[in-house]
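Hi everyone, thanks for coming. Let me put the structure up, and then I'll walk you through a few spots.

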Amino acid sequence: MENTYQDLITDIQSKNPKISGKLEGGKKFKIKSDFKPAGDQPEAIKKLVQSANKGEFNQVLLGVTGSGKTFTMAKVIEATNRPALILAPNKTLAAQLYGEMKGFFPDNAVEYFVSYYDYYTPEAYVPRSDTYIEKEASINEQIDRMRHSATRSLLERDDVIIVASVSCIYGLGSVESYSKMNIGVKKNHEHNREQIIKTLVNLQYKRNDQNFHRGTFRVRGDNLEIFPSHLEDRAWRISLFGNKVEKIVEFDPLTGSKTKDLNLIKLYANSHYITPRPTIEQAIIEIKKELALALHFVKVSLELMVIL
């Protein structure tokens, strides 16, 4: 029986147990700003931090527009050193808060997570005119990349601030399933090239040797180049000699110039909605059961109609 792609990923990672764990964990929040807490801010920061450390779940910070509430909360995040989720009622305010937090924490992972639709028209049916309106949508590629960057940072870093609109309350699926849908490659370790390629395809990366863009990979001799879904202007090149990884570099996909050397990379799926094979197989079994019940119901109904 042919192995599923999850078996392939497990096989690759089992050869290198050190791949597990957060790649960029342990970093603390650090504000870089010329501003200093003033007025009522020091007291507000002190009380908010003390209550948070005591496990208080609900706190309210009141202040008029321009009173420095965002900076105050940035200082609270720095003091508590915990990952933070900032919810905004719409994309406009979310973008404003994202820009401000990005300015306060330039060396930490400040991420942006909002709906990636530029516009979305759901399918509909108008009975009066017997008109069917097809679903139509346009996905913003830049926002999609930022969503991938946000979920990856949550799994690989401790210093994470997610600025999101209310759309983030809609689930992307199981965290356990998504976190397992990755492939790790380490320098000077053995990895089969064909196996890596098969795993990339099953993680919904597309092979494209001509048009190299986000979410694709290409093969050039012993080099395997991957454009991760969470990066905008950087890609990874894996150089193999036989089944051994000789070198991993990060490079500019436009110019091809190397930006830095890497010892270890971890690549997550190109879609948030990818589903592990065991889950699909279980869903198929349940669908067949429901189908059998529905067919039985229809058959009984038809027999009753014939009798009547």
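**A short tour**

Let's start with S239, which sits in strand 12, residues 235-241. Before I go on: this is a predicted model, where local features need pLDDT of at least 70 and side-chain atom pairs count only at pLDDT 80 or more, while totals for chains, interfaces and linings use all residues. Residues are numbered from 1 along each chain as its sequence is written, and side-chain values use heavy atoms, with hydrogens and water left out. Helices (H or I, at least four residues) and strands (E, at least two) are DSSP runs, numbered from the N terminus.

So, is S239 buried or exposed? Buried, with a relative accessible area of 12%; the cut-offs are under 20% for buried, over 50% for exposed, and partly exposed in between, using a 1.4 Å probe and protein chains only. Contact here means heavy atoms within 4.5 Å. Setting aside neighbours within four places in sequence, S239 has contacts that include D222, K244 and E246.

Next, the largest nonpolar core, which has 23 residues. By nonpolar core I mean buried Ala, Val, Leu, Ile, Met, Phe, Trp, Tyr and Cys residues joined through side-chain atoms within 4.5 Å. V185, L200, F217, L224, I226 and I238 touch the most other members. Strand 12 is among the elements giving two or more residues to this core, and so is helix 7 (193-202). There's also a second, separate core of 22 residues, including F71 and Y116.

Last stop, D130: not a glycine, yet its phi is positive, about 55°. You'll find D130 in the loop between strand 4 (124-126) and strand 5 (131-133), and it counts as exposed at 56% relative accessibility.
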